[in-house]
Amino acid sequence: ILTSDKVTAVKENAALPSGYSLEQNYPNPFNPSTVISYQIPVSSHVTLKVFDILGSEVATLVDEFKQAGSYSTAFSSVNSSLSSGVYFYRLTAGAFMATKKFVLMK
């Protein structure tokens, strides 16, 4: 903030993540929805997909170019035919890939 040509305060920007990270969803187990959080340290094309226990893709949550930063994405089973069970979600960003499992309980 400039006041009569003097700096009186400096607004700091939120720090960018220092590395890639895929967090465990919350809540887990879930019904009917959950939140998946992730961080990317550099801008890149990001995909976040959900797979069933057999490895078949059941949903694409993110498939776009993202700026470096922290993100959260909701996953809902309300309008799907998914049954109770174990599912996996996979984050791919540049050369980074991570997979975590979660449980849907209907």
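Reply: Strands are DSSP runs of E with at least two residues, numbered from the N terminus, and two strands pair if DSSP finds at least two bridges between them. Strands β3 and β4 run antiparallel and are joined by two bridges. The order β3-β4-β7 describes an open sheet of three strands with antiparallel pairing. Its edge strands, β3 and β7, each pair on one side only.

The model is predicted: local features need pLDDT of at least 70 and side-chain atom pairs count only at pLDDT 80 or more, while totals for chains, interfaces and linings use all residues. Residues are numbered from 1 along each chain as its sequence is written, and side-chain values use heavy atoms, with hydrogens and water left out.

A pair of aromatic rings is described by the distance of the centres and the angle of the planes. Rings of Phe, Tyr and Trp (its six-membered ring) pair if their centres lie within 6.5 Å; planes under 30 degrees apart count as stacked, over 60 as edge-to-face and the rest as tilted. The structure holds six aromatic pairs. One of them is formed by Y20 and F96, which is stacked because the ring centres are 4.8 Å apart and the planes are at 10 degrees. This pair links distant parts of the chain, 76 residues apart: Y20 belongs to the loop between β2 (6-7) and β3 (21-22), and F96 to strand β9 (residues 96-104). With a relative accessible area of 30%, Y20 is partly exposed; buried means under 20%, exposed over 50%, and partly exposed in between (1.4 Å probe, protein chains only).

Y38 and Y71 form an aromatic pair that is also stacked, at 5.6 Å centre to centre and 25 degrees between the planes. Because Y38 lies in strand β4 (residues 33-40) and Y71 in strand β7 (residues 69-76), the pair ties together parts that are 33 residues apart in sequence. Y38 counts as buried, at 0% relative accessibility, whereas Y71 is partly exposed at 22%.

Elsewhere, ring pairs link F30, F75, Y89 and F102 into a cluster. A further ring, that of F51, has the charged end of R90 over it, 4.9 Å from its centre; the criterion is that NZ of Lys or CZ of Arg is within 6 Å of the ring centre and within 35 degrees of the ring normal.

Note on methods
Helices (H or I, at least four residues) and strands (E, at least two) are DSSP runs, numbered from the N terminus.
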